[in-house]
Amino acid sequence: MNVMDTRSTSALLYLDGVHVSFDGFHAINNLSLTLEPGEMRAIIGPNGAGKTTMMDIITGKTKPDEGTVLFDGVTDLTRLDETRIAELGIGRKFQKPTVFESQSVEDNLLLALNVDHSVKGTLFWRGSRSEAARIDKVLETVRLKDVCRKLAGSLSHGQKQWLEIGMLLAQDPKLLLVDEPVAGMTDVETHQTAELLKQINKDHTVMVVEHDMTFVRELGVKVTCLHEGTVLAEGTIDQVSSNDRVIEVYLGR
Amino acid sequence: MPHMLTRSLDRAATTFILIVAACGVLIPLSNLLLPAGSALQVPTYLVALWGKYVCYAILALSIDLIWGYCGILSLGHGAFFALGGYAMGMYLMRQIGSRGVYGNPLLPDFMVFLNWSKLPWYWYGFDMFPFAALMVLLVPGLLAFCFGWLAFRSRVTGVYLSIITQAMTYALLLAFFRNDFGFGGNNGLTDFKDILGFNVQAEGTRAALFALSCLALIVAFLICRAVVSSKLGKVLIAIRDAESRTRFLGYRVESYKLFVFTLSACMAGVAGALYVPQVGIINPSEFAPGNSIEAVIWVAVGGRGTLVGAALGAIVVNYAKTFFTSGALAPYWLFMLGALFVLVTLLLPKGIVGTFNAWWEPFKAKQGDANAESAAREDGISEAKMAE
């Protein structure tokens with residue numbers, strides 16, 4: 001295991017001096033960022049700022065060329081693959097809602113539960129009351145109880161986004177990475193999603209990438225603005241949105 | 001594991017098993033007991049022909065398990081079928097003993113012909129049926145395991161995987177064509193005499209082989225159903241539909257693919273082993289890439305991801321093949337097969353059974369809802385009782 005002897009940081013997620021380039025293009029450039037346990041952080045920034053690439057690095061999809069990525073202060077994430085990182089307790093919601101369309105809402109959540117994920121375990125799996133109860137609870141939280149038997153593919157766009165958040169809840173990770181949860185949602189849905197994330201944040205650490213500034217404001221959490229693969233500004237939404245550089249490259253005058 | 005069995009048997013599955021079982025019993029009985037020439041008597045040549053179809057149906061099931069449920073399109077599954085066939089062929093060769101043309105008690109005819117003085121080491125043990133039967137499973141299984149381990153760990157997917165499976169079967173085709181490879185070269189293995197002491201040509205043996213093939217089809221079907229109706233089956237479908245999502249949920253995708261690919265190869269091997277004594281020959285042409293592609297067409301025609309459809313597709317397409325290649329249309333069969341594939345892809349993308357299911361689903365859903373509601377009420381009652 002890639003566990004260091006002593007814990008060097010109190011942060012749940014610690015990125016320091018991370019570099020990634022694709023064919024000479026510096027997607028991530030000396031990125032440093034820390035996330036404390038229990039925190040919710042909003043990440044904003046223009047297209048191509050490296051927000052999704054950063055999530056790819058944290059979840060093991062992309063390996064950084066340089067830099068440190070520590071989870072829980074001891075685990076070096078750059079040496080692990082996606083499966084192992086998911087097992088450690090990092091869950092991810094994709095930009096485009098990615099649910100298992102040909103399976104029912106219930107089955108989607110069943111697949112997401114953080115129970116035995118081995119070949120043998122799933123082959124000889126039998127349902128249990130505690131699993132059913134957990135699925136039920138998630139269905140209530142994400143308001144999909146009425147459609148739990150429906151195929152995930154038949155849900156509306158907003159419902160799919162919620163189902164994916166529900167899958168994250170079923171996975172019960174220590175850290176949730178949520179990529180653009182309100183893209184394509186109505187105002188009401190956006191508001192409900194903000195409420196949902198706040199509720200989730202009560203017992204999970206969350207990182208949200210979002211373009212919708214009303215939504216970010218509604219979350220009312222610390223904001224980090226990325227630009228060209230590095231941190232441009234960090235602070236409350238008011239501090240960040242009054243920062244001259246942020247206005248110049250992202251918000252516009 | 002009774003829960004796995006009950007979960008896997010829905011109405012369609014039960015019907016399928018009953019039909020195959022009925023064929024497996026009635027066809028051999030009619031062949032053996034009714035007088036030849038009677039209207040209901042199934043002639044021996046048909047028993048052998050249909051036995052061949054049943055073996056193809058097992059091969060189709062094995063392809064449907066990986067393609068229909070896990071999205072692995074193998075265009076080289078004929079290789080596992082042929083390897084199982086060769087393992088059985090080697091046993092049958094050793095059973096010939098001194099009855100061969102050259103009368104050598106130990107060496108098969110082709111080895112004597114090539115002036116070989118002793119049996120190659122890899123032919124040892126094949127005189128014993130249990131060993132040969134083990135090899136029928138082990139050789140295709142091991143090849144699939146090694147091949148899959150390399151391919152899935154390196155995340156080779158989609159069309160690239162299909163191409164390397166083609167390359168695999170083509171490489172084996174070339175290897176088995178060589179005389180010095182030790183499997184009879186171009187001619188393959190043939191002139192079989194006995195299987196387990198029974199004459200392979202005898203009517204009784206053929207009828208028994210047919211019945212055994214039906215039994216193997218049922219067992220293979222039950223295994224597939226148990227796999228796809230377990231939670232593992234849901235994971236397979238998840239991998240098929242959104243592989244990286246499945247990974248981010250903490251599933252080791254390559255292990256799942258490896259498991260199902262190896263299982264599928266073992267099933268294909270059994271199909272090949274039952275096929276060889278019924279057709280009386282195994283030669284390198286069984287490795288031809290075209291054979292594997294044809295098998296994929298059976299599954300597409302029947303309906304992938306349905307299991308029953310795969311078996312049905314294998315039988316329907318092969319029946320058509322027999323029908324058309326024995327008449328004036330024989331030269332055009334390959335064009336017809338190609339046209340069939342194009343038409344099915346365009347007009348019936350879900351295949352015969354998939355299309356039927358889509359049509360039947362609304363009726364079934366109504367029934368299902370009613371059942372679910374009554375079940376839910378019962379649940380409610382029992383929970384209420386427990387609360388008291």
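Strands here are DSSP runs of at least two residues in state E, numbered from the N terminus. In this predicted model, Leu232(A) sits in one of them, strand 10 of chain A, which covers residues 230-235. Leu232(A) has 20 other C-beta atoms within 10 Å, so it counts as buried, since the cut-off for that label is 20 or more. Setting aside neighbours up to four places along the sequence, Leu232(A) is in contact with Cys225(A), Leu226(A) and His227(A), and also with Arg245(A), Val246(A) and Val249(A). Thr62(A), by comparison, lies 170 residues from Leu232(A) in sequence and 22 Å from it in space, C-alpha to C-alpha.

Glu228(A) isn't a glycine, yet its phi is positive, at about 45°. With 15 C-beta neighbours inside 10 Å, Glu228(A) is partly exposed. Arg155(B) belongs to the loop between helix 6 (129-153) and helix 7 (158-177) of chain B, and its 14 other C-beta atoms within 10 Å make it partly exposed.

Back in chain A, Arg134(A) is part of helix 5, residues 129-141. Arg134(A) has 19 other C-beta atoms within 10 Å and is therefore partly exposed. Leaving out residues up to four places away in sequence, Arg134(A) touches Leu113(A) and Ala170(A). Met207(A) is 73 residues from Arg134(A) in sequence, and their C-alpha atoms are 23 Å apart.

How confident is the predictor about chain A? The mean pLDDT of chain A is 91, with 97% of its residues at 70 or more. Among the elements of chain A, helix 3 (residues 105-112) has the highest mean, 96, while helix 10 (residues 244-251) has the lowest, 88.

The two chains also meet. Their contact takes 23 residues from chain A and 21 residues from chain B. On the chain A side, helix 2 (82-88), helix 3 and helix 4 (119-123) are the elements that give two or more residues. Helix 2 of chain A gives the most, with four residues.

Now for the helices of chain B. Helix 2, residues 11-33, spans 32 Å from its first C-alpha to its last, close to the 33 Å expected for its 23 residues. Its buried residues are Gly24(B), Ile27(B), Pro28(B) and Asn31(B), and what covers them includes helix 3 and helix 8 (203-228) of chain B.

Helix 3 of chain B runs through residues 44-70, and its 27 residues reach 39 Å, close to the expected 39 Å. Even so, this helix has a kink of about 35°, centred on Asp64(B). Helix 3 of chain B is mostly covered, with 20 of its 27 residues buried. Just after it, Gly71(B) takes a positive phi of about 75°.

Further along, helix 12 (residues 289-302) and helix 13 (residues 308-325) of chain B pack at about 115°, their axes 7 Å apart. The crossing of these two helices is right-handed. Residues making the contact include Ile297(B), Trp298(B) and Val299(B) from helix 12 of chain B, and Gly309(B), Leu312(B) and Val316(B) from helix 13 of chain B.

Note on methods
Residues are numbered from 1 along each chain as its sequence is written. Chains are lettered from A and ligands numbered from 1 in the order in which they are written. This is a predicted model: local features need pLDDT of at least 70, side-chain atom pairs count only at pLDDT 80 or more; totals for chains, interfaces and linings use all residues. The expected span of a helix is 1.5 Å times one less than its number of residues. The bend at a residue is the angle between axes fitted to the seven residues ending there and the seven starting there. A residue is buried if 20 or more other C-beta atoms lie within 10 Å of its own, exposed if 12 or fewer, and partly exposed in between; C-beta atoms are placed from the backbone. pLDDT is the predictor's confidence in each residue, from 0 to 100. Axes are lines fitted to C-alpha atoms, for helices over the stretch in contact, and angles run from 0 to 180 degrees between N-to-C directions. A crossing is left-handed if the near helix is turned anticlockwise from the far one by less than a right angle, and right-handed if clockwise. Two residues are in contact if their C-beta atoms, placed from the backbone, lie within 7 Å.
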